[in-house]
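This report describes a single protein chain for a reader who has its sequence and structure at hand. Please keep both in view while reading the sections below.

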Amino acid sequence: MVPSIPPRIHILLASQSDRALVIRRGPSKQVATILWQRDTDTFRLGQWLKGRLYARRADISPDGQYFIYFAMNGRWHTRSPGSWTAISRVPYLKALAFFPQNHSWYGGGLFLDNQHYWLHAGYNPRPPKDDTQLTCVANYPTQANSGGPYPGVYYPRLIRDGWRLIKHDDSRYQHTIDTFDKPLFAGWHLRKLVHSQVSPPPGKSIYWDEHKLIQPQHNITLHFPDWGWAEKDGHKDGSRPRRLVYVTHGQLFATNLNEQGLINTKELYDFNAMTFEPIIAPY
């Protein structure tokens, strides 16, 4: 059955491979991870989590093999206890490296390369379980700790992945909008409007994104308030054609652009009808 409120979809694209990880949230305390093989546009379910997974504090390694994330299930008297940062093998959630917390601040992290990662901890974490053969570094090479727990991971990840912060909004308390820009092709730019809102619209969290397409040469602006995620896809070496991929109403689409706008749009996957199922990771 298709939910009345579409699931929230966030996607992490591996920069050195054709892999991507889809993070699907819905209902509010159920999250699924799905492998998206971008060269064939095929999808494979990883695992479900009964709890929250904070996609803006997550990252995928450049080769698409590892996933770092922060999650919370509120079971404060368990081994977790209640919240944790973990590194898993894509597309699964079972922890290879495990950093327990007891609060929802900070958490998660970023990959510097395929062998090194940084934890957005805000403190020195307790010695973790770690079967990854990866190395944790003390500092991320930007001002990653500014702006609280969400921009502290999300904004450095955007900037690392080719986005440029062109407008920082600190004029209001209950609703701020920061604007990022990324050049596309055919003269277009993709604008990402990052909202932080105390009373968000129905179906959105207090942190949510919308997007615009800007064509400066022809003075065209196309507004897509329902695009919750959008990104440029395609290999730099031209081995796979460039395209624009985006999510709206729980569905993933791919499209291209000419001077006037979107062309050859097609649906890649509909995540709406997915329901929880227990899955054991194969490791």
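Strands (E, at least two residues) and helices (H or I, at least four residues) are DSSP runs numbered from the N terminus, and two strands pair if DSSP finds at least two bridges between them. E10 and strand E11 (residues 116-119) run antiparallel and are joined by 3 bridges. Within this pairing, Gly 109 stands opposite Leu 119 in E11, and Phe 111 has Tyr 117 of E11 as its bridge partner.

On the E13 side, E11 is joined by 3 bridges and the two strands run parallel; here the bridge partner of His 116 is Thr 135 in E13. Strands of a sheet pair through backbone hydrogen bonds, either parallel or antiparallel.

## Basis of the description

Residues are numbered from 1 along each chain as its sequence is written. Because the model is predicted, local features need pLDDT of at least 70, side-chain atom pairs count only at pLDDT 80 or more, and totals for chains, interfaces and linings use all residues, while side-chain values use heavy atoms, with hydrogens and water left out.

## The chain as a whole

The secondary structure of the protein chain comes to 1 helix and 22 strands. Of its 283 residues, 52% count as buried, where buried means under 20% relative accessible area, exposed over 50%, and partly exposed in between (1.4 Å probe, protein chains only). The accessible surface of the chain comes to about 13,700 Å², and 50% of that belongs to carbon and sulfur atoms; such areas come from the Shrake-Rupley method with a 1.4 Å probe, and for residues only the protein chains shown count as cover.

The mean pLDDT (the predictor's confidence in each residue, from 0 to 100) of the protein chain is 90, and 90% of its residues reach 70 or more. Over residues 144-149, however, pLDDT stays under 50, and the model has 13 contacts beyond four places in sequence for them. A contact means heavy atoms within 4.5 Å. Where pLDDT is low, the predicted coordinates should not be read in detail.

## A buried strand

How many residues of strand E20 (residues 243-248) are buried? The number is 6 of 6, so strand E20 is largely enclosed by the rest of the structure. Arg 243, Val 245 and Val 247 point one way from E20, whereas Leu 244, Tyr 246 and Thr 248 point the other way. In a regular strand the side chains alternate between the two faces of the sheet.

Strand E19 (residues 227-233) pairs with E20 in the antiparallel sense over 6 bridges, and Trp 229 stands opposite Val 247 in E20. Strand E21 (residues 251-257) also pairs with E20 in the antiparallel sense, over 5 bridges; Tyr 246 has Phe 253 of E21 as its bridge partner. E20 and E21 form a hairpin with 2 residues between them, and His 249 in the turn has a positive phi of about 50°.

## A buried lysine

Lys 182 belongs to strand E15 (residues 175-183). With a relative accessible area of 6%, Lys 182 is buried. Its side chain reaches the backbone oxygen of Asp 161 at 2.7 Å. Beyond its neighbours within four places in sequence, Lys 182 is in contact with several residues, including Trp 163, His 189 and Glu 231.

## Backbone features in loops

Two cis peptide bonds may be located in loops. One joins Gly 26 and Pro 27, with omega about -5°, and Pro 27 lies in the loop between strand E2 (19-25) and strand E3 (30-37). Another joins Val 90 and Pro 91, with omega about 5°; Pro 91 is in the loop between strand E8 (83-89) and strand E9 (95-101).

Gln 133, a residue other than glycine, has a positive phi near 65°. Gln 133 lies in the loop between strand E12 (129-130) and E13 and is exposed, with a relative accessible area of 70%.

Definitions and conventions. Polar contact = N/O pair within 3.5 Å; in protein donor to acceptor, adjacent residues only side chain to side chain.
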